[in-house]
Amino acid sequence: MKEVLAYIEKKQQVFSKLEFFEFLQDKSISPKQRLAFAPCFAPFVMGFGELNQYVWRDESSEDPVQAIINQHTNEDDGHWVWFLEDLDKLGFNKSLSFTDALKFIWSKEFKISRQTFYEIYRCTYKATPINRLVAIEAIEATADILLLCTQKASEDLKLTSNLEYKYFGMHHYSIDTNHSMDSSETVDLICNLNLNADAKKEALEIVDQIFDLFTNFVNVLGDYARKYKLDNSFKNQTHKPKRITKLENYSLPKAS
Ligand SMILES: [Fe+2]
C-alpha cells in the first residue's frame with residue numbers, strides 16, 4: 001500500500017499545478033469572483049455527503065479497513081451544511097420556484113458536478129474495502145489542494161465582508177487535513193496493508209480514475225467561475241433569500 005500512497009502524492013503534486021488553483025489564489029481577481037464556482041459545485045457537495053452515508057459506510061462489516069472508512073465517513077458526511085452557509089454568505093441564496101430550482105440543479109451546465117458524483121459512486125459501490133479506501137485517499141488528496149486554495153480566497157474575502165466561510169475557509173481545511181485517517185496509528189496500519197500485484201494494479205488504476213475525474217471537474221469549475229461576473233460589494237447583502245424574477249437559461253442568476 002505504501003507505493004499506492006506514494007503514487008497518490010505524486011499525482012497530487014501534478015494536480016496542484018492546475019490552472020484553476022492559480023485562479024483561486026490570483027489576488028488580481030476579486031476573491032468573491034474566485035469563489036463564483038460554488039453553485040456549480042453544489043450537486044457534488046450534496047451528493048458527497050450521501051456517498052459517505054450510504055455508499056462507503058458499512059456498519060455490518062468486521063473488516064478493519066472498513067472500520068477506518070466508517071470512522072472517516074462519520075467525520076466527513078455533514079460538511080455540506082457549511083457549504084450551504086457559505087452559499088448564503090456569498091450571496092447565492094436566491095429564491096426560485098421548486099421546479100426552477102430542479103431545472104437549475106439538473107441543468108447541462110452543472111452536468112460535470114453530477115457526473116463526478118456518479119462516477120465516484122460507480123467505482124466505489126461494491127468495491128473491496130481496500131479499493132474503497134484507495135479511492136477515498138485519492139479524493140482527499142484532491143480536496144486538500146482545493147480547500148487550501150479556497151481558504152486563501154476566503155481569507156481575502158473576509159477582509160471586505162467580515163464573514164467567516166466555514167466550508168471554503170480555514171475551518172474546513174483544518175478539519176479535513178486532520179481526519180482520524182491521518183493519525184499516525186491509522187497511517188501505519190494503512191501503510192502496512194499488503195497488496196498483491198493484481199490488487200496493486202487495480203488500486204493504481206483507481207487512483208488514475210479519481211485524479212482524471214477531478215482534473216476534468218476543476219477545469220470546468222474554473223471556466224464557470226470566470227463566466228459569471230459578480231457584484232463584489234457586500235453593502236446591500238442582507239443574507240435573506242431574495243426572489244429573482246427571471247432565470248437565464250437556468251444558469252447562475254446575475255447579481256442584482
Ligand atoms: Fe470535507
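1. The structure is a predicted model. Every value below is computed from it.

2. **Iron donors.** Three residues of the protein donate to the iron ion: H79 through ND1, H172 through NE2 and D176 through OD. They lie 2.2 to 2.6 Å from the ion. Along the chain, the donors follow the spacing H-x92-H-x3-D.

3. H79 sits in the loop between α5 (64-76) and α6 (80-89), while D176 belongs to helix α10. The pair therefore ties together parts that are 97 residues apart in sequence. Are H79 and D176 buried or exposed? Both are buried.

4. General point: rolling a probe the size of a water molecule over the atoms shows where empty space is left. Here, the structure holds one cavity of 30 Å³ or more. The volume of the largest cavity is about 260 Å³.

5. The lining of the largest cavity is made of 21 residues. Nearest its centre are F41, F44, F48, A143 and Y167. Four helices supply at least two lining residues each: α4 (38-56), α9 (129-161), α10 (170-176) and α12 (197-227). Helix α9 gives the most, with six residues. By class, the lining has 14 nonpolar, four polar and three charged residues.

6. **The second largest pocket.** This pocket holds about 380 Å³ of space. It is lined by 18 residues, and L5, I8, E9, E137 and D182 are the closest to its centre. Two or more lining residues come from each of α1 (2-15), α9 and α11 (184-191). Which of the elements has the largest share of this lining? It is α1, with five residues. The lining divides into eight nonpolar, four polar and six charged residues.

7. **Helix α11, buried side.** T186, I190 and C191 are the buried residues of α11. They cover an arc of only 135° around the axis, so they fall on the same side of α11. In general, an α-helix has 3.6 residues a turn, so residues three or four places apart point the same way. The buried residues of α11 pack against α1, α5 and α9.

8. **Helix α11, other side.** S184 and E185 are exposed, on the other side of α11.

Notes:
Residues numbered from 1 in each chain as written. Predicted model: local features only at pLDDT ≥ 70, side-chain atom pairs only at ≥ 80, totals over all residues. Heavy atoms only, no water. 1 Å grid on protein atoms, 1.4 Å probe; cavity = no way out; pocket = protein on both sides within 12 Å on 5 of 7 lines; lining within 4 Å. Points joined across faces, edges and corners; volume = space filled by probe spheres on them. Nonpolar A, V, L, I, M, F, W, Y, C, P; charged D, E, K, R; others polar. Donors = N, O, S within 2.8 Å, 3.2 Å for Na, K, Ca; no water. Buried < 20%, exposed > 50% of the residue type's maximum accessible area, 1.4 Å probe, protein only. Arc of directions from axis to C-beta. Contact = heavy atoms within 4.5 Å.
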